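Me: I would like to learn how to read features off a model. Can we take them one by one, with the general idea before the case?

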Amino acid sequence: MKLEKKSVSDEIPTASMADITFLLIIFFMVTNTFSATRGLDFAIPKEDKSTPLVEREESVLISIHAGGAIEVDGRSMRADQILEYLKPKLERNATKPVIIRPDPDASYGDMVKVYDVLREGKNKGVEVRNINIPTQREVDQFWY
Amino acid sequence: MADIVFLLIIFFVLTFNVEVDKTMVDLPRTNLRFEVPKKAATVSITDSGQMRVSDGESASTPVASVQDVLSFASEMLATDPEKDFVLKADRNVPYREVDQVIDALKQAKVTAVYLLSEQETVEGGGQ
């Protein structure tokens, strides 16, 4: 009697592989949102009563008015002029505190823009090490 | 063909991250941008002042006031004192509101906050 020989392939069937991988690709493409995952870090100083608070007289005060006008130590200037103004001051005292005081009605974008300018100073040879952005509560509590 | 498809899959797997906060905001533009740590808690503020919080793993939930942000942050820090926070605020939000949120985070003793931003373009992006 002649037995019918069943031929068994010894290879993994790969015909459906492309379909499966395509499905996976579509899944990852749809669920993946290239969400914004980058930004500026903003270290919050420890709220420690023992550390002496920044004296306003020794520091540079950058006020941001509603509408985006910038005033540095009472002089109005553009954002790109700030580093120039700070350079000689920071050369004398590298840890000179720079305080950013945005007006409550100024936009968040303007505050971030100024903060970005100060942080970027490091790449332009004017490293601003001591940037303070006190909140309104702190200002009320300690300065007045 | 399969090779290319595999490469694409690997690319998507590596860049895969589930967005926990789907709030649409116009982020501020900055020149400097650093990678924000994964699984950081998120606080978002839209230009209409609506705030949402997320622990970085589950979807964000709306909160009514800054007080809620404070209690949320304290809760987060109770489980992980080193928890990073990401502030995702619209660039047109009045600073007053951002100030209150940062103050709430300070009171909760958050150590690091990241201000989410977009890349500043050379021509200033119309701003």
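Predicted model: local features only at pLDDT ≥ 70, side-chain atom pairs only at ≥ 80, totals over all residues.

Me: Which parts of chain A does the pair of Asp41(A) and Arg119(A) tie together?

Reply: Asp41(A) sits in strand E1 (residues 38–43) of chain A and Arg119(A) in helix H3 of chain A, so the bridge links parts 78 residues apart in sequence. Asp41(A) is partly exposed, at 25% relative accessibility.

Me: How many salt bridges are there over all chains?

Reply: The whole structure has 7. Among them is Asp80(A) with Arg78(A), at 3.1 Å from N to O. Asp80(A) is exposed at 53% relative accessibility, and Arg78(A) is exposed at 51%. Another joins Lys124(A) to Glu120(A), with the closest N and O atoms 3.6 Å apart.

Me: Are Lys124(A) and Glu120(A) buried or exposed?

Reply: Lys124(A) is exposed, with a relative accessible area of 53%. Glu120(A) is buried because its value, 15%, falls under the 20% cut-off. Glu120(A) belongs to helix H3 (residues 108–120) of chain A. Leaving out residues up to four places away in sequence, Glu120(A) touches Asn31(B) and Leu32(B).

Me: How do I read the fold of chain A? What pattern does chain A follow along the sequence?

Reply: Count the elements, then take their order. Chain A has 4 helices and 6 strands. Their pattern along the sequence is α-β-β-β-β-α-β-α-β-α. Then look at contacts: of those in chain A between residues at least 6 apart in sequence, 69% join residues at least 24 apart. Of its 144 residues, 37% are buried.

Me: Next, the nonpolar core. Which residues have the most contacts inside the largest one?

Reply: In soluble globular proteins, nonpolar side chains tend to be buried together. Here the largest nonpolar core holds 55 residues, and Phe85(B) and Leu87(B) have the most contacts inside it. Apart from that core lies another of 8 residues, among them Leu27(B), Val86(B), Tyr114(B) and Leu116(B). Beyond its neighbours within four places in sequence, Leu87(B) contacts residues including Tyr108(A), Val43(B), Ile45(B), Val98(B) and Ile102(B).

Me: How do I read a helix, then? Which residues in H3(B) are buried?

Reply: An α-helix has 3.6 residues a turn, so residues three or four places apart point the same way. The buried residues of H3(B) include Tyr95(B), Val98(B), Asp99(B), Val101(B), Ile102(B) and Leu105(B). Helix H3 (residues 95–107) of chain B has 13 residues and spans 18 Å from its first C-alpha to its last, close to the 18 Å expected.

Me: Last, the backbone. Where is Lys109(B) found?

Reply: Most residues other than glycine have a negative phi. Lys109(B) has a positive phi of about 70 degrees, although it is not a glycine. Lys109(B) is in the loop between H3 and strand E7 (112–116) of chain B. Lys109(B) is exposed, at 53% relative accessible area.

Me: And what is phi of Asp73(A)?

Reply: Phi of Asp73(A) is positive, near 50 degrees. Asp73(A) is in the loop between strand E3 (70–72) and strand E4 (75–77) of chain A. At 32% relative accessibility, Asp73(A) is partly exposed.

Technical notes:
Residues numbered from 1 in each chain as written. Chains lettered and ligands numbered in written order. Heavy atoms only, no water. Core = buried A, V, L, I, M, F, W, Y, C linked by side-chain atoms within 4.5 Å. Buried < 20%, exposed > 50% of the residue type's maximum accessible area, 1.4 Å probe, protein only. Contact = heavy atoms within 4.5 Å. Helix = DSSP H or I, 4+ residues; strand = E, 2+ residues; numbered from the N terminus. Expected span 1.5 Å × (residues − 1). Salt bridge = Lys/Arg side-chain N within 4 Å of Asp/Glu carboxyl O.
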